[in-house]
Structure formats: structure tokens, C-alpha cells
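Colleague: I have a model open and would like to learn how to read it. Can we go through it feature by feature?

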Amino acid sequence: MTRSLWYFLAMVGLLPGLTLAADRPNIVVILCDDLGYGDVHCLNPEHGKIATPCADRLAAEGMVFTDAHSGSSVCTPTRYGLLTGRYSWRSKLQSGVVTGFAPCLIAKDRPTVASFLKDQGYQTAIIGKWHLNFQYCDPQSGKPYQAGDFKSPPVGTKIPDGPLARGFDYYHGFHHARDMQTVIENDTVIAHDPPINMLPRLTRKSVEYIDQHAKSDEPFFLYIPLGSPHTPILPTPAWQGKSGLGDYGDFVMETDHVVGEVSKALERNGLRENTLVIFSSDNGCSKAAGIPKLVKQGHLVSGEMRGSKADLWDGGHRVPFIVRWPAQVSAGSHCDQLICLTDLLATVADVVGREMPSGSGEDSVSFLPALQGKPIESTRSGVVHHSISGHFAYRLGDWKLLLAKGSGGWSSPTEKQAGNDASGVQLYDMQHDLSESNNQFASEPETARKLLKQLQSDVDRGRSTTGPPAKNDLPQIDLWKSEKKNPAPDTFPKKASS
């Protein structure tokens with residue numbers, strides 16, 4: 001359906017609910033891989049030593065969300081949540097990430113942001129990292145290959161359950177970092193290319209896509225999940241030495257360059273004004289970046305926050321989140337309300353004036369009101385956090401409850417390092433203790449009980465928002481990963497007397 005036909009039908013009432021205040025925007029989502037909140041200079045001006053002029057410009061021209069969180073502190077579960085509007089721990093994936101050569105984690109009948117927008121007349125594309133599993137199949141027999149069959153699946157290998165089977169019209173990219181040399185287009189492996197070439201490839205393909213679709217009657221949804229600055233940390237020669245902080249700093253700068261190239265393509269084609277651009281990251285910075293060395297150089301990858309990738313502490317999942325949409329969003333604006341990357345589905349549905357599909361978006365809340373300078377009216381009480389090992393945390397207002405002895409991830413103390421003497425519960429006032437250094441569990445047990453009760457409810461109901469009953473994919477989800485027996489709220493300590 002062409003854009004002109006779409007709007008004719010809307011105007012005569014055959015497409016009820018469509019917002020006609022502005023033409024449907026193009027939507028571009030740039031998702032970095034392992035980019036810490038403090039790696040974007042404008043978000044960490046005092047302790048951010050890496051130049052990110054393109055992201056900084058995007059922020060100056062749009063809105064910065066200061067309390068945005070990924071659905072998990074690692075790759076796969078965040079990507080699942082972003083595309084489905086549902087926390088990944090509701091699926092069979094309870095910890096860690098997937099490695100490919102297996103059926104797609106997103107169920108075939110589950111709506112995604114891409115399939116929803118495709119139904120609304122959008123062209124949909126993903127250029128970058130998938131990391132949600134798919135099968136590699138022999139093009140002649142259709143038989144799935146196994147992970148040990150090849151170092152890289154052969155050119156010509158077919159992919160029956162990849163992005164094209166989950167709502168995307170076009171795909172160019174790779175599955176995950178350890179298989180980055182396998183280049184895929186649509187449903188076919190088309191080449192083997194050294195991983196150092198992947199970031200320039202994704203940059204070029206993203207710009208080409210915008211140039212090719214600029215004159216189309218249909219708006220487009222372009223999802224650009226980069227593989228950087230995740231390992232392998234491979235800045236190209238043109239960027240080596242640019243940051244003065246080593247390969248990681250150089251790679252961050254080259255990643256920032258993608259934002260600039262995409263922005264220039266939109267401007268060159270006259271699309272800047274009515275294109276909704278979202279820039280974010282799937283989780284915090286990885287320890288593979290060499291965090292201690294960066295600290296010595298004055299750069300704090302998580303800013304003032306504690307922890308990094310894989311952790312329950314905010315450094316693991318509070319992410320950069322910048323939105324530019326000149327037709328709707330005031331330049332230089334900020335929002336400090338709590339949001340999650342699972343909110344993309346509800347937001348784009350709000351943008352196009354349609355309801356989310358039935359059986360979707362169980363954990364998704366529209367942040368469109370914030371873009372218009374209004375409060376977000378959430379039917380979700382709080383946001384669930386999840387670590388690489390499957391440990392849970394819950395954020396409600398200023399309070400954050402962690403069901404873990406330590407980081408729940410890679411930072412010290414890990415769960416093993418914390419030992420049996422640790423309580424297994426942490427409670428922090430995030431307004432006054434962003435570094436999560438003062439555990440108030442013993443002094444505020446009633447607050448801990450309140451958060452635990454709400455977390456349990458959000459898990460058991462199969463959804464955290466209002467709506468029809470939903471089910472998790474597993475019959476039972478255990479909230480307590482470090483305890484042999486689940487502590488009941490009534491065993492929490494009594495509030496200390498003053």
C-alpha cells in the first residue's frame with residue numbers, strides 16, 4: 001500500500017485510529033553493542049574521555065533519556081525484548097546468550113516491531129547483528145547444519161527462520177560476534193569477510209538503504225544493531241590511534257561515526273525532519289574493553305554508576321538513549337522518567353496511531369508522551385532487571401531491589417566471591433545513591449517487601465502491564481538464583497528501631 005493511498009483511506013475513515021497530525025515518520029533504531037552509558041561524552045562530560053561528536057549532536061538536536069534501561073545486561077535477551085516488547089526471561093532463555101545453529105528464539109507467531117510496522121505499510125530492514133538464533137541449512141537438502149560442521153557456514157547456506165521470517169523485508173549482517181565473518185543477506189550466506197570489515201560494511205549498507213528508499217511512497221523502519229564496540233575490538237586503520245585511549249576508544253569513535261553517516265544520509269535526502277531516530281546500546285560496557293586501564297586514563301565507562309556488562313548494578317543495564325525527531329521533539333530536551341528498551345513496540349504503535357497486536361507487548365509502555373513534553377502514563381509499576389546469570393532485580397520509583405549477593409554478573413564481588421555470609425538481598429535508593437554503595441535492606445525491609453511482592457506479581461502474571469492474562473513459556477520462573485531455598489518476604493528483618 002502506497003503512502004498516498006494509506007492516507008486517503010485514513011482520511012475517509014477506513015483506517016480508524018491513525019494519527020494524521022503528521023505524515024508517518026521513518027523510524028531508525030541504532031543499537032550499539034556493549035557501549036557504556038559513560039562512553040557517550042555528552043552523558044559523562046567530566047569523566048568521559050572519548051570524543052563522540054555525532055551522538056553528542058544527536059542529543060543536542062533531540063531528547064536524552066537519563067534513566068533508560070536495556071531489558072538485560074547482555075546481548076540476546078535485550079534484543080528479544082526490544083523487538084517483541086516482552087522480557088526475554090519469559091521465554092525459555094533464562095540466562096546467558098544464544099550461539100546460533102538453533103531455531104529462532106522469537107516464536108513464529110509472536111508479533112515483532114518489524115512485523116507490526118510491516119502491517120502498517122512500512123518497509124522494514126535490519127542491517128547488523130541478529131543474535132536471536134536461526135538455523136543454517138544445506139541449500140540442496142534443507143537439512144540444518146550443526147555448529148561443529150564448519151568454521152563458517154558455506155556461501156549459499158540458507159536460513160529459514162531468520163529476520164525475514166520475523167517481519168523484516170531485508171537483512172544484511174551477521175549472527176553474533178564469534179561468527180562475524182559469515183556475511184548474510186536476506187536468507188542466504190553470501191560471503192566470508194574478515195571481521196574488521198564488518199563495521200564499515202554496516203555503515204555503507206545503512207546509508208545505501210536510506211538513499212534507495214528516500215523516494216519511496218512507503219515509510220521505512222531501519223534497525224541497525226551494530227556489532228561494536230563489542231569484541232572483537234577492531235577499529236579500522238583510519239580510526240586507529242584517534243582516541244588516544246587504545247583500541248576500545250578508537251572503536252567507540254568509529255561506532256559514533258556510524259551515527260554521523262546515517263544522519264548525513266537522512267539530511268541529504270530531505271528526511272531529517274520527519275524521521276524518528278533512536279540511539280542506544282544493548283547493555284553496559286564489557287570488561288573486555290580493559291576497564292581498569294581506561295579508569296587510569298580518566299575514562300569511566302559507566303559514569304558514576306557501579307558495574308558494567310553482565311551485572312545487576314546499573315552500569316550493566318542503564319544505557320545511553322537519545323531520540324531525535326525534529327517534527328515532534330524539542331532540541332536539547334531531557335526526560336528523567338524510567339523506561340526500558342522493551343518499550344519500543346508500544347511506542348511505535350502509538351506513533352502510527354494503532355493498537356499493539358493481540359498477544360504482544362506484555363512489558364511495553366509507550367514513551368511517545370515524553371517526546372511531546374508530557375509525562376509517560378505507565379500501566380507498569382516498575383522495571384525488571386536481569387543479569388547474565390539470570391539474577392533478578394526490580395526498580396520501582398527511586399528504589400531498587402537486587403536478589404543477589406554481589407553483582408550477579410562479572411564485576412567483583414561476583415556471587416561466588418560474595419560467599420555465604422552475604423544476605424542475598426540488596427536495596428538501594430537510586431536517587432541518592434547512584435553508585436549503589438549503601439545497602440539499605442536491613443533498615444528498610446518494608447520497602448524491600450513491597451518491591452519483591454510487585455516483582456513476583458509481574459513475573460507470575462506473564463506481563464507487567466495491564467491487559468489480558470498472559471503466560472510465560474516456562475511453568476515456573478525462580479526469582480532466587482543464589483539461594484537453595486527461596487526466602488519468603490516475612491523472613492526479611494524487621495525495621496531497625498530509631
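Predicted model: local features only at pLDDT ≥ 70, side-chain atom pairs only at ≥ 80, totals over all residues.

Colleague: Let us begin with a strand. Which way do the side chains of β1 point, and are they buried or exposed?

Modeller: The general idea comes first. In a regular strand the side chains alternate between the two faces of the sheet. Now the case here. Asn26, Val28, Ile30 and Cys32 point one way from β1. Ile27, Val29 and Leu31 point the other way. Both sets are buried.

Colleague: What does that say about β1 (residues 26-32) as a whole?

Modeller: Seven of its seven residues are buried, so β1 is largely enclosed by the rest of the structure.

Colleague: Which strands pair with β1, and in what sense?

Modeller: Strand β9 (residues 275-281) runs parallel to β1, and seven bridges join the two.

Colleague: Where should I look to check the pairing?

Modeller: Walk across the sheet. β13 and β14 (residues 392-396) share four bridges, with Val384 opposite Tyr394. Four bridges also join β14 to β15, where Leu396 stands opposite Trp399. β15 and β16 again pair over four bridges, and Leu401 faces Leu427 there.

Colleague: How many residues lie between the strands in the hairpin of β14 and β15?

Modeller: Two. Gly397 in that hairpin takes a positive phi near 65°.

Colleague: On to helix pairs. How do α2 and α6 pack?

Modeller: Two packed helices are described by the angle between their axes and the distance between the axes. For α2 (residues 53-61) and α6 (residues 247-268), the angle is about 55° and the axes are 7 Å apart. The two helices are therefore oblique to each other.

Colleague: Which residues meet there?

Modeller: From α2 come Pro53, Cys54, Ala55, Arg57 and Leu58. From α6 come Asp256, His257, Val259, Gly260, Ser263 and Glu267. By class, that contact has five nonpolar, three polar and three charged residues.

Colleague: Next, the inside. How many residues are in the largest nonpolar core?

Modeller: That core has 54 residues. Those with the most contacts inside it are Phe65, Leu117, Trp130, Phe221, Tyr223, Phe321 and Leu371. Helix α8 (residues 344-352) gives the largest share, six residues. A second, separate core has 52 residues, among them Ala125, Phe220, Ile224 and Val252.

Colleague: What does Phe321 touch?

Modeller: Leaving out residues up to four places away in sequence, its contacts include Met63, Phe65, Ile278, Phe279, Ile339, Leu341 and Phe367.

Colleague: Last, the backbone. Where are cis peptide bonds found?

Modeller: One joins Thr231 and Pro232, with omega about -5°. Pro232 sits in the loop between β8 and α6. Another runs from Ser412 to Pro413, with omega near -5°. Pro413 belongs to the loop between β15 and α10 (415-418).

Colleague: Which residues other than glycine have a positive phi?

Modeller: Ala310 is one of them, with phi near 90°. It lies in the loop between α7 (291-296) and β10 (321-324). Glu436 is another, with phi near 50°. Its loop is the one between β16 and α11.

Colleague: Are those two buried or exposed?

Modeller: Ala310 counts as buried, at 0% relative accessibility. Glu436 is buried too, with a relative accessible area of 0%.

Key
Residues numbered from 1 in each chain as written. Heavy atoms only, no water. Core = buried A, V, L, I, M, F, W, Y, C linked by side-chain atoms within 4.5 Å. Buried < 20%, exposed > 50% of the residue type's maximum accessible area, 1.4 Å probe, protein only. Contact = heavy atoms within 4.5 Å. Axes fitted to C-alpha atoms, helices over the stretch in contact; angles between N-to-C directions. Parallel < 35°, antiparallel > 145°, perpendicular 65-115°, else oblique. Nonpolar A, V, L, I, M, F, W, Y, C, P; charged D, E, K, R; others polar. Pairing = 2+ DSSP bridges.
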